[in-house]
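This report is meant for a reader who is new to the structure shown below. Parts of the fold are described in turn, followed by notes on the whole chain.

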Amino acid sequence: MIMRRTITVVLLLVILGGAVSAEELFLEEILSRTGTTLEWDPYRGHGAIVRGSRILSFSLGRELAVENLAMLHRIEPPRRAEGSIVFGPRFATLAMRLFPPPETLRRVGAIFIDPGHGGRDPGAIGRHEFDDELRELREKDLVLDVSLKLYDLLRQRFPEKEVVLSREDDSYLTLEERTDLANDIPMEPNESVLFVSIHANASLNTRARGFEVWVLPPEFRRRDLVSAERTGVSDPDVLSILNTMREEEITLESVLLARNVLAGLESVVGDRSPNRGIREESWYVVRNARMPSVLVEIGFVTNRDEFLLLEKESYLREITRGIYTGVINFVDNFEEVGRD
Ligand SMILES: [Zn+2]
């Protein structure tokens with residue numbers, strides 16, 4: 001009796017494709033661990049798991065898997081079992097390497113928008129006379145206007161990210177309060193905050209005009225980017241090396257963000273305002289933000305022609321669109337690099 005039952009079970013297992021060992025993984029588990037989707041050709045018993053531009057192909061009963069349609073890997077032959085497909089440890093390892101779990105991917109978790117000045121600090125002031133009428137523009141008002149518009153656009157584009165304003169009205173914040181607000185946004189270890197400070201320019205040279213973006217010069221040393229608590233590393237030498245690495249990464253990312261913002265601005269207002277390029281100086285806000293950060297100067301209120309542009313609501317909308325385009329291009333690229 002026992003013998004017959006065993007035979008029945010064995011027969012059943014043979015029909016279903018054999019027992020699944022502890023080392024094997026079901027297709028569903030691999031898909032969920034790697035965030036991939038399946039493409040399946042039932043006639044040829046041929047399939048592929050796919051995420052973004054990456055693809056890992058396999059065939060039932062065959063000892064080969066193909067990475068990105070080019071590189072061959074030897075695997076335990078995938079087989080049918082319990083109405084699904086099971087894979088051996090080689091394929092599972094390959095899949096995990098090719099498609100790292102989504103929670104370990106780099107992503108921008110938050111975008112911090114900092115309209116410069118505010119309250120008792122008006123920032124740059126431009127005054128020009130037009131037909132006996134003295135008109136005035138204050139930096140704090142211009143940059144708040146652009147920042148609020150940018151906030152709305154980014155909220156719509158990235159509903160899953162936090163978009164934060166340092167101020168949303170005519171209030172005064174110290175530089176330290178601004179960077180503290182940004183540094184205190186809670187982030188997962190794989191997440192970054194982007195810091196975008198928005199200003200308008202003034203110059204004694206009334207012919208100076210155009211937009212520019214400031215970043216921290218690469219030789220500047222930022223402190224305490226990597227903390228002992230966060231990394232679990234207590235050796236000060238190791239922490240210092242980690243800090244340097246993080247610092248170089250942040251500097252590079254800040255330059256990339258700056259380039260993207262400049263390109264975005266040039267595409268919308270380049271026909272009317274010159275691109276003054278990337279500038280480097282250790283601005284307080286940029287220096288103390290432990291994240292990719294840039295300071296955007298949208299134009300000169302002291303230049304008569306640029307004043308006329310900056311006065312217009314439609315021009316500020318274009319400026320905003322330019323910064324926005326730069327930020328989203330940077331974000332797409334930043335997150336894609338982590339993925340591929
Ligand atoms: Zn300013």
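In this predicted model, strand 16 covers residues 293–300, and eight of its eight residues are buried, so the strand is largely enclosed by the rest of the structure. Two pairings of strand 16 can be described. Strand 13, residues 191–201, pairs with strand 16 in the parallel sense over six bridges. Within that pairing, Val-196 has Val-294 of strand 16 as its bridge partner. Strand 14, residues 211–215, runs antiparallel to strand 16, and three bridges join the two. Here Val-213 stands opposite Val-296 of strand 16. Strands of a sheet pair through backbone hydrogen bonds, in either the parallel or the antiparallel sense.

An open sheet is formed by five strands in the order 2-3-4-5-6, with antiparallel pairing. Strand 2 (37–41) and strand 6 (71–74) stand at its edges; each has a single partner strand, so one side of each is left without a neighbour in the sheet. From one strand to the next, the twist averages 20°. Inside the order, strand 3 (residues 46–51) and strand 4 (residues 54–59) pair in the antiparallel sense over six bridges. One of the residues in this pairing is His-46, whose bridge partner in strand 4 is Ser-59.

Helix 2 touches strand 2 and strand 3, and its direction makes about 20° with that of strand 3. Helix 3 touches strand 3, strand 4, strand 5 (64–67) and strand 6, and its direction makes about 165° with that of strand 4.

How do the two helices lie against each other, and at what angle do their axes cross? The axes of helix 2 (residues 27–34) and helix 3 (residues 89–98) come within 10 Å and cross at roughly 20°. That makes helix 2 roughly parallel to helix 3. The crossing of helix 2 past helix 3 is right-handed. On the side of helix 2, the contact is made by Ile-30, Arg-33 and Thr-34, and on the side of helix 3 by Ala-92, Ala-95 and Met-96.

Strand 7 and strand 8 (residues 84–87) run antiparallel and are joined by three bridges. In this pairing Arg-79 stands opposite Val-86 of strand 8.

Leu-25 lies in strand 1. Is Leu-25 buried or partly exposed? Leu-25 has 19 other C-beta atoms within 10 Å, and a residue needs 20 or more to be buried, so Leu-25 is partly exposed. Leaving aside neighbours within four places in sequence, Leu-25 is in contact with Ile-30, Val-86, Phe-87 and Ala-92. Of these, Ile-30 and Ala-92 also take part in the contact between helix 2 and helix 3. Leu-25 and Gly-88 are 63 residues apart in sequence, yet their C-alpha atoms are 6.5 Å apart in space.

**A hairpin**

Strand 10 (residues 125–130) and strand 11 (residues 133–138) pair in the antiparallel sense over six bridges. Glu-129 stands opposite Leu-134 of strand 11. The hairpin of these strands has two residues between them, and Asp-131 takes a positive phi near 50° there.

| Strands | Sense | Bridges |
|---|---|---|
| Strand 3 and strand 4 | antiparallel | six bridges |
| Strand 7 and strand 8 | antiparallel | three bridges |
| Strand 10 and strand 11 | antiparallel | six bridges |

**The whole chain**

The protein has 10 helices and 16 strands. Of its 340 residues, 30% are buried. Among contacts between residues at least 6 apart in sequence, 71% join residues at least 24 apart. The mean pLDDT is 87, and 84% of the residues reach 70 or more. Over residues 6–16, pLDDT stays under 50, and the model has four contacts beyond four places in sequence for them.

Terms used:
Residues numbered from 1 in each chain as written. Predicted model: local features only at pLDDT ≥ 70, side-chain atom pairs only at ≥ 80, totals over all residues. Pairing = 2+ DSSP bridges. Helix = DSSP H or I, 4+ residues; strand = E, 2+ residues; numbered from the N terminus. pLDDT = per-residue confidence, 0-100. Contact = placed C-beta atoms within 7 Å. Buried ≥ 20, exposed ≤ 12 C-beta atoms within 10 Å, placed from the backbone. Axes fitted to C-alpha atoms, helices over the stretch in contact; angles between N-to-C directions. Parallel < 35°, antiparallel > 145°, perpendicular 65-115°, else oblique. Left-handed = near helix turned anticlockwise from the far one by under 90°.
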